[in-house]
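Let's take a friendly walk through a protein model together. Have the sequence and the 3D view open, and look up each residue as it comes along.

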Amino acid sequence: MGELINIFIKSAFIENLALSYFLGMCSYLAVSKTVKTAFGLGLAVIFVLGITMPINWLINNYLLSESGIFQTDLTFLRLILFIAVIASMVQLVEMVVEKFSPSLYNSLGIFLPLITVNCAILGGSLFMVSKEYNFMESVSFGLGGGFGWFLAIIAIAAIREKIKYSQVPPALRGLGMAFMLTGLMGLAFMSLMGIDPSAF
Amino acid sequence: MAQAQVAAKQSSIGFGKAERKLLTDPLDSNNPVTVQVLGICSALAVTTGMKNALVMAIAVVFVTMFSNMITSALRNAIPKAVRMIVQLIIIATLVTIVELTLKAVAFDSYKQLSVFIGLIITNCIVMGRLEAFAMANGPYKSMLDGIGNGVGYGIILLMVAFVRELFGKGELFGAKLIGNTPEYLLDTTTTWGLGWYSNNNLMVLFPSAMFVIGAIIWAHRAWNPSLVDVS
């Protein structure tokens, strides 16, 4: 259990998908203009990462690996299968949410399909493979990574809301400033790298 | 008669003003990185060296070109409800080709680029151009659009990599140009170089890519004021 909490903390803070690996930057920069929309997208990312990570783990270990049901090394199909799982999961989640909670669907609405091409999701699955996690660890890694991404997008959205009132050079306004801010936040997050999660 | 001529003109494989515009627009006023904000993740991760950036740029040009062409050729046969999955499978197939080719031809680059080759699939440039252009235009034009956007992305990638490798490691394409390494410090005969320069380690870290791209956007918008955010 302690091991799982370690992985959660590590993936949320020390190896933050957004601010340490800079994954999912497209939607991170495009959807962080207000805190409200950033909140919706962040929640959806936690949800999809938490679901796709265990499914991709099962696929990787029982379908693609040499000890799986086909007894052959099919890892060259990994990318295609992972992205197919992510795309179909997002589509499925969209349909389920639409059916059971129309109000949540309306607030997430356009962000759900966007998640398919959020590289934090596919990147998370690929990191999971390269780090050789077991099933429960991959669940924890998925949830932790999603939570870290959620924190990061909320933080930048809040800063961007405030910086509207500052005197920024015209050519730097908007996108340019968002890049600079993300760089500074990345620097700040690097100081978390010294944390030893096993101390908790 | 006139309509038939127009239609023939549109479908013909020529190279006129419209075609040139498809190729040059993404280099300036419609640049995928600095204007459309697409494909940032890989732009940050692979730009520590010119060599990796060049490999990545070529890979992306290949994928955008062929995915645009194939999707455009199939655009009338793809049902709308499953178009995302079909597009992703086209892209994933092309990326797998690139990945296996790199593994065979340039294993060093393959190892250094690691997951980021796989992440071309979710590079929003590819998907974004499919949705925005290839689903509505013919294969030849889509191919040109793919090349233009791939090259526009590659140029930014190389610019960022140039700054980061030169100031971070004092090298370009792995060849020592400026700065001090221990052996250079001992060798007092090489006074021609900028031996006094000490490498800026910040440039090797991820956040510096953010600063460099931010500065590029700043310069680009100062030079082309029509792109400035009004809000």
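Thr52(A) is buried, with a relative accessible area of 0%; here buried means under 20% relative accessible area, exposed means over 50%, and partly exposed is in between (1.4 Å probe, protein chains only). This residue lies in helix α3 of chain A, residues 35-64. Helices (H or I, at least four residues) and strands (E, at least two) are DSSP runs, numbered from the N terminus. Leaving out residues up to four places away in sequence, Thr52(A) touches Ile86(A), Met89(A) and Ile121(A), where contact means heavy atoms within 4.5 Å.

A word on the ground rules: this is a predicted model, local features need pLDDT of at least 70, side-chain atom pairs count only at pLDDT 80 or more, and totals for chains, interfaces and linings use all residues. Residues are numbered from 1 along each chain as its sequence is written, chains are lettered from A and ligands numbered from 1 in the order in which they are written, and side-chain values use heavy atoms, with hydrogens and water left out.

**The nonpolar cores**

Which residues have the most contacts inside the largest nonpolar core? They are Leu23(A), Met25(A), Tyr28(A), Ile115(A), Trp149(A), Ile120(B) and Ile121(B), in a core of 107 residues. A nonpolar core is a set of buried Ala, Val, Leu, Ile, Met, Phe, Trp, Tyr and Cys residues joined through side-chain atoms within 4.5 Å. Helix α5 of chain B (residues 83-105) gives the most to this core, with nine residues. Apart from it lies another core, of five residues, including Ile59(A), Leu74(A), Val85(A) and Met89(A).

The table sets out two packed pairs. Axes are lines fitted to C-alpha atoms, for helices over the stretch in contact, and angles run from 0 to 180 degrees between N-to-C directions.

| Helix pair | Angle | Axes apart |
|---|---|---|
| α7(A) (residues 119-131) and α8(A) (residues 135-163) | about 140° | 11 Å |
| α1(A) (residues 2-14) and α8(A) | about 30° | 7 Å |

Angles under 35 degrees count as roughly parallel, over 145 as roughly antiparallel, 65 to 115 as roughly perpendicular and the rest as oblique. The angle of the one pair makes α7(A) oblique to α8(A), while that of the other makes α1(A) roughly parallel to α8(A). The crossing of α7(A) and α8(A) is right-handed, and the crossing of α1(A) and α8(A) is right-handed too. A crossing is left-handed if the near helix is turned anticlockwise from the far one by less than a right angle, and right-handed if clockwise.

In the contact between α7(A) and α8(A), Ala120(A), Gly124(A), Phe127(A), Met128(A) and Lys131(A) come from α7(A), and Ser138(A), Phe141(A) and Trp149(A) from α8(A). These divide into five nonpolar, two polar and one charged. Ala, Val, Leu, Ile, Met, Phe, Trp, Tyr, Cys and Pro count as nonpolar, Asp, Glu, Lys and Arg as charged, and the others, Gly among them, as polar. On the α1(A) side of the other pair, Leu4(A), Ile7(A) and Phe8(A) are among those that meet α8(A) residues including Phe141(A), Gly144(A) and Leu151(A). By class, that contact has ten nonpolar, five polar and two charged residues.

Between α7 and α8 of chain A there is a loop, and Glu132(A) lies in it. Is Glu132(A) buried or exposed? Glu132(A) counts as exposed, because its relative accessibility is 69%. Its phi is near 55°, a positive value in a residue other than glycine. Most residues other than glycine have a negative phi.

**Over to chain B**

Chain B has eleven helices and two strands. Of its 231 residues, 47% count as buried. Among contacts in chain B with a separation of 6 or more, 75% come from residues 24 or more positions apart.

Ile85(B) sits in helix α5 of chain B and counts as partly exposed at 22% relative accessibility. Beyond residues up to four places away in sequence, Ile85(B) touches Ala87(A), Ser88(A) and Gln91(A).

Glu131(B), in helix α8 of chain B (residues 124-134), is partly exposed as well, at 34%. With residues up to four places away set aside, Glu131(B) touches Arg83(B) and Gln87(B).
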